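Trainee: Could you take me through this model feature by feature, giving the general idea before the particular case?

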Amino acid sequence: MNLLEINNICKTYGDGEAAVHALRNVSFSVPKGEYVAIVGESGSGKSTLLNLIGALDTPTSGKIQIGGKDIFSMNERRLTIFRRRNIGFIFQAFNLIPELTVEQNMVFPVLLDYQKPDKRYLEELLTVLNLSERRNHLPGQLSGGQQQRVAIGRALITRPSLILADEPTGNLDTQNSSEVIALLREASKKYEQTIVMITHSPGIAQTADRVLQVSDGVLTDFGRYRE
């Protein structure tokens with residue numbers, strides 16, 4: 001079963017001779033539980049694609065379905081709720097709230113949805129991400145790798161079906177990068193979540209189940225690394 005379906009997505013900025021075609025008829029699907037890496041040069045359109053999948057931007061044409069639901073057929077309120085409950089975001093810059101502790105940052109998306117955190121699941125995530133002893137620390141008291149683990153926990157806490165990661169190791173050294181990717185992969189397999197990740201690193205891309213490349217707005221599927 002495909003969790004994500006992308007059908008003939010186009011994104012154009014501007015009009016006439018000034019038009020920039022960021023994406024050109026991009027189509028692909030991602031089965032539930034697959035870990036996909038998207039690679040490409042700066043300006044290739046890969047970040048635009050990730051933003052469209054996350055409903056942070058709207059396509060010029062085409063359709064995106066998550067769990068069989070056409071996300072751009074929803075009104076703004078329904079889309080906001082759907083995104084909050086079904087998509088977890090991990091950003092290069094971590095985007096943690098500096099005044100909140102590790103635990104508070106992780107549960108923030110749940111509280112934003114007016115729900116109560118699942119305490120057992122929170123404890124499990126803190127253990128998996130090796131953050132139990134840091135739960136009461138503020139982001140400024142953590143290393144870069146620890147901050148990214150908090151960001152992963154925040155993305156996982158709502159049990160989203162889809163995780164979108166935008167250069168999640170871009171601000172980390174080699175060791176922390178390897179640890180974060182291993183933790184992200186372990187967590188996704190443990191909780192059967194689908195990952196779509198942007199990366200500039202060929203080594204990190206090869207940890208994925210499948211690699212896609214975007215070049216001048218055109219997508220190429222390099223197929224599966226793992227069987």
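Mentor: Serine 201 is found in the loop between β8 and α7, where helices (H or I, at least four residues) and strands (E, at least two) are DSSP runs numbered from the N terminus. This is a predicted model, in which local features need pLDDT of at least 70 and side-chain atom pairs count only at pLDDT 80 or more, while totals for chains, interfaces and linings use all residues. Residues are numbered from 1 along each chain as its sequence is written, and side-chain values use heavy atoms, with hydrogens and water left out.

Trainee: Is serine 201 buried, exposed or partly exposed, and what do those words require?

Mentor: Buried means under 20% relative accessible area, exposed over 50%, and partly exposed in between, with a 1.4 Å probe and protein chains only. Serine 201, with a relative accessible area of 25%, is partly exposed. The C-alpha atoms of serine 201 and valine 211, which are 10 residues apart along the chain, are separated by 12 Å.

Trainee: In what order do the 4 strands of the open sheet stand?

Mentor: Two strands pair if DSSP finds at least two bridges between them. Here the order is β2-β1-β4-β5, with antiparallel pairing. Because β2 (20-31) and β5 (69-70) each have a single partner strand, they stand at the edges, and one side of each is left without a neighbour in the sheet. Between β1 (residues 2-13) and β2 the antiparallel pairing runs over 8 bridges, and lysine 11 stands opposite leucine 23 in β2.

Trainee: Which strands does helix α1 touch?

Mentor: Contact means heavy atoms within 4.5 Å, and axes are lines fitted to C-alpha atoms, for helices over the stretch in contact, with angles running from 0 to 180 degrees between N-to-C directions. Helix α1 (residues 46-53) packs on the sheet and touches β1, β2 and β4 (61-66), its direction making about 55° with that of β2. Threonine 48 is found in this helix, α1, and is buried, with a relative accessible area of 15%. Not counting residues up to four places away in sequence, threonine 48 touches Lys11, Tyr13, Ala22 and Leu23.

Trainee: Which residues touch the most other members of the largest nonpolar core?

Mentor: In soluble globular proteins, nonpolar side chains tend to be buried together. A nonpolar core is a set of buried Ala, Val, Leu, Ile, Met, Phe, Trp, Tyr and Cys residues joined through side-chain atoms within 4.5 Å. The largest one has 39 residues, of which Ile90, Met106 and Met197 touch the most other members. Its largest share, 6 residues, comes from α6. Apart from it lies another core, of 30 residues, including Ile38, Met74, Phe89 and Leu162.

Trainee: How many aromatic pairs does the structure hold?

Mentor: Rings of Phe, Tyr and Trp (its six-membered ring) pair if their centres lie within 6.5 Å; planes under 30 degrees apart count as stacked, over 60 as edge-to-face and the rest as tilted. The structure holds 2 such pairs. Phenylalanine 89 and phenylalanine 91 have ring centres 5.9 Å apart and planes at 5°, so this pair is stacked. The rings of tyrosine 121 and tyrosine 191 have centres 5.4 Å apart and planes at 85°, so theirs is edge-to-face. That pair links distant parts of the chain, with tyrosine 121 in helix α4 and tyrosine 191 in helix α6, 70 residues apart.

Trainee: Which residue has its charged end over the ring of tyrosine 121?

Mentor: A charge sits over a ring if NZ of Lys or CZ of Arg is within 6 Å of the ring centre and within 35 degrees of the ring normal. The residue is arginine 159, whose charged end sits 3.7 Å from the centre of the tyrosine 121 ring.
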